[in-house]
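Subject: A structure for you to look at

Hi there,

Here is the structure I promised to pass on. Could you open it and keep it in view while you read my notes below?

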Amino acid sequence: MKRLILLLFCFGLAFSQSAAIIDNTNTVKDVYSSSAFKVYVDTFGVNPDFGIRLCNVGQKYVGAVYSANLGGGNYRYITISKNLTTGSINTLVYTSTNLGGGCYATPIDAFAFSQFRDFTRTPPVYVSAFPGRIHVLYSDNADGSSPSFVGVPTSNGWLRGSYSVPLSVSSFNQSTGLVTADITSITFETDAGSITKSPSDSEWGLNNATGRSMLLALCTDDFGDSCSDAVIVNRSADLPARLSLGLPTNDQVIYNRYVVVDGLGYGPLCIGADLNLVSVVFSANPVNPGQPSNVTITIRNDGNVNITTDFRLTLNITGPGGFFNQTNWTITENLAPGQSTTRNITFTNTTRSGNYVFTAHADSLNGIVECNETNNINSGTLTVIKTYTIHVLIDGVENDTFPFAGRPYNLTVYLNDSDGNIVPNVKFVFTETNGLNPFTPTQIWNNSGNLIGLKSYSIGEITSNSSGYAMLAAVPTCNRLYADPIRGPLLISNIGNYSMKVEAYEGGTYRANKTLYVTDATCADPGWVNNKELLNKDYVEPVYDWLYTMYSIMKKLLVP
């Protein structure tokens, strides 16, 4: 049984009709344009004499044509070959040469691609002026009546060259049902190399008077074997051509069509709707925790058919910690080709830092039939910045203000991020500016009337533990000179105020700072207290005794 199927298959292949352009040795040949005569003809340039070979349809009258099958036995074509037999008034040439195997050929000296127009013959003859893939028209009659057509692929010989046919989604007009097809340039492959010319070129281009014409068709294939419309163009003023689709259009159907120029197809051009999710844009990005951002989603109809069916727009938001949110809209606006619509949402769930991905999907329920389904999804990423806050506990109570200067306080400090996490192993740097230290009391040097102040700093560093906490004792010293009604303003003007702050660094990266204050900025005597246990009291006490001794020496110099 398998052998029988194989034999039938081989039999079908062996006896399928075919045609080719050949020379006098029955060798397939391509046709080149003559750079001197601007036509695709025999014996000019590199071209030999040509003939047509036709197989498996018997002996027929044949001619080379550019054709388009419009269905129902209706063909539109231009004949670009002629009969060279002396005295002949025919266009077609009889395949009188038996090549064997069911193939017959025209006599080489009787067939030629036409150099001149001859509308007195039947069918009328046009100039073979432009590149393309031919069909062979064959008939039982010399006048070409009741013709049949067989395509000649490029492997069986063609008129070499190409066209520039710009296709865009706007080349179909739904109201008229017409496709606009233009040709901006023609490339001829000649005996002198490739030459590109405009269709309006006075020698190489279209010419009604001389019969330099081309056939444009709108087809489902790229050859012209199944077409809805075709036109013969013989003037550049006839470009762009308008070709009828001949079918109803809406947002529930698409059609892919080729613009076929002399048997060379360009495209396909899709006729139908095409939703394009253009963008997902944020009014603010990045944002701080708690800061909202308005999200705008833009959808455009990039097709050439109106969208009149309601469709769904879905927005999925994913974020840190498994965050997920979905919003759906029903889009009810009609969208003409090129028209856009937008939807907006204000995103307020920004308390947790990280990246939030907004993925928008137009027509998520596939209610619209589209030319391109790959451009319905677009996304954007909103970044919520992680922020940091320093917390200071003064004697066990979170506060940023010391009641008095000159008294020691137990401090506990830690750093947390905007996600609520306490950050471990943080370096805290405490800086007291213009307080008491070895360079105080604060001084001003009069440099020939130019007052130069001495700003002083006391800096301490401590690193938190693996849980994120650090504990220390601190004494805000204030600076009594600032309370002086005469010298105080001078000091502030030239040196600056007293201040204390703490900065946090994680792995060497700055994270946050916090300013610490003293309630009484006059540096009043805080009075005697002895009601507190200090951290590391055994270490602190001898150090402060030594400091007292050192600063006493300064006073003895001032008051012997």
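**Rings, charges and a strand**

Phe-113 is buried, with a relative accessible area of 2%; buried here means under 20% relative accessible area, exposed over 50% and partly exposed in between, using a 1.4 Å probe and protein chains only. Before going on, please note that this is a predicted model, where local features need pLDDT of at least 70 and side-chain atom pairs count only at pLDDT 80 or more, while totals for chains, interfaces and linings use all residues. Residues are numbered from 1 along each chain as its sequence is written, and side-chain values use heavy atoms, with hydrogens and water left out.

A search of the whole structure turns up 18 aromatic pairs. Rings of Phe, Tyr and Trp (its six-membered ring) pair if their centres lie within 6.5 Å, with planes under 30 degrees apart counted as stacked, over 60 as edge-to-face and the rest as tilted. One of the pairs joins Phe-50 and Phe-113 edge-to-face, at 5.7 Å centre to centre and 75° between the planes. Phe-50 lies in the loop between strand E1 (18-22) and strand E2 (51-55) and Phe-113 in strand E9 (residues 111-113), so this pair ties together parts 63 residues apart in sequence. (Helices, H or I with at least four residues, and strands, E with at least two, are DSSP runs numbered from the N terminus.) Phe-50 is buried too, at 0% relative accessibility.

Phe-282 belongs to strand E22 (residues 275-282) and Phe-358 to strand E27 (residues 354-362), 76 residues apart.

The charged end of Arg-212 sits over the ring of Phe-130, 5.3 Å from its centre, and Lys-427 lies over the face of Tyr-505, at 5.5 Å from the ring centre. The test asks for NZ of Lys or CZ of Arg within 6 Å of the ring centre and within 35 degrees of the ring normal.

Lastly, strand E20 (residues 255-261) has five of its seven residues buried, so it is largely enclosed by the rest of the structure. E20 pairs with strand E21 (residues 264-271) in the antiparallel sense over six bridges, where pairing takes at least two DSSP bridges. Arg-257 stands opposite Leu-269 in E21.

Happy browsing!
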